[in-house]
Amino acid sequence: MIQRLITEFKFELMPMSFVFALLGGIVGLLFGLYHIRLSGQKNLVRSLEHELAEELPLLIARGESEHLEFKSTYRWDVRQQRTNRALESIVIKTIAGFLNREGGTLLIGVEDNGNIIGIDSDFQTLKHKNRDGFERALMDTVKTSLGGNACALLHCRFHDIENKTICRVIVESAVEPVYYHEDSVARLMVRTGNSTRELDAREAHAYLSSRTTKSFSL
């Protein structure tokens with residue numbers, strides 16, 4: 001009887017057992033991936049809630065830092081009183097710098113000294129002269145200069161202070177390096193201290209090597 005059971009298990013039940021084991025493994029893997037994704041989303045929500053919970057005046061009072069940058073406008077040149085599309089690249093480079101480090105917050109409509117001027121002048125340069133038009137223009141520029149994947153890591157919020165509109169751009173940290181594309185050249189921007197700068201070839205190699213090492217360690 002024992003011999004018969006062994007024989008039947010080997011030759012008749014083994015294929016079925018293999019199928020059940022395979023299905024169980026797949027289900028377990030999918031559940032594990034779902035759990036990891038859900039945990040990541042929960043961490044992101046908590047991070048954004050913490051960021052948005054901080055009062056904007058207090059955030060501005062802290063001044064610029066490694067994780068906080070002020071820009072007076074998006075494309076409106078205050079000195080020349082005209083649209084200056086070159087200013088957009090400065091904003092996008094700052095976003096790229098945050099993406100390539102630990103993330104951060106960009107406040108558009110605030111001068112370097114913390115003076116609030118708002119983005120109402122920027123609105124007048126847009127096809128749709130409102131908040132939706134501003135966010136759409138910003139995301140279009142990000143998509144063109146940094147790639148579509150970068151857009152998913154940005155979160156725009158608008159605030160009214162002193163009857164002026166401020167755009168708060170919350171930037172997540174990117175898993176893969178994000179390059180700023182300009183004139184068919186890919187440039188690697190990184191946040192260092194309270195400024196953003198382009199890395200030269202040697203610095204870029206060291207930076208990419210360090211990211212690879214961290215990825216393997218995780």
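Trainee: Exposed means over 50% relative accessible area, and buried means under 20%. Is E162 exposed or buried?

Mentor: In this predicted model, E162 has a relative accessible area of 57%, and because that value is over the 50% cut-off, the residue counts as exposed.

Trainee: Where is the place of E162?

Mentor: E162 sits in the loop that runs between strand β5 (154-161) and strand β6 (164-171). Its phi is positive, at about 55°, although the residue is not a glycine.

Trainee: And which value does phi of Q81 have?

Mentor: Phi of Q81 is near 55°, again a positive value in a residue other than glycine. Q81 belongs to the loop between β2 and β3 (82-83), and with a relative accessible area of 51% it is classed as exposed.

Trainee: Let's move to D77. Where is its place?

Mentor: D77 lies in strand β2, which covers residues 76-77.

Trainee: Is D77 buried or exposed?

Mentor: D77 is buried, and yet it has no salt bridge.

Trainee: Which side chain makes a polar contact with the side chain of D77?

Mentor: That is the side chain of N84, at 3.1 Å.

Trainee: Changing topic, how much space lies in the second largest pocket?

Mentor: The second largest pocket holds about 320 Å³ of space. It is lined by 14 residues, and those closest to its centre are S72, T73, W76, V78 and L87. L87 is also one of the contacts of D77.

Trainee: Which element supplies the largest share of that lining?

Mentor: Helix α3 gives the largest share, with 3 residues. At least two lining residues come from each of β1 (68-71), β2 and α3 (86-99).

Trainee: Last one, on the whole chain: how many helices and strands are there?

Mentor: The protein chain has 7 helices and 9 strands, and 36% of its 218 residues are buried. If we take contacts between residues at least 6 apart in sequence, 63% of them join residues at least 24 apart.

Conventions. Residues numbered from 1 in each chain as written. Predicted model: local features only at pLDDT ≥ 70, side-chain atom pairs only at ≥ 80, totals over all residues. Heavy atoms only, no water. Helix = DSSP H or I, 4+ residues; strand = E, 2+ residues; numbered from the N terminus. Buried < 20%, exposed > 50% of the residue type's maximum accessible area, 1.4 Å probe, protein only. Lys, Arg positive; Asp, Glu negative; His and termini not counted. Salt bridge = Lys/Arg side-chain N within 4 Å of Asp/Glu carboxyl O. Polar contact = N/O pair within 3.5 Å; in protein donor to acceptor, adjacent residues only side chain to side chain. Contact = heavy atoms within 4.5 Å. 1 Å grid on protein atoms, 1.4 Å probe; cavity = no way out; pocket = protein on both sides within 12 Å on 5 of 7 lines; lining within 4 Å. Points joined across faces, edges and corners; volume = space filled by probe spheres on them. Lists of a residue's contacts leave out its neighbours within four places in sequence.
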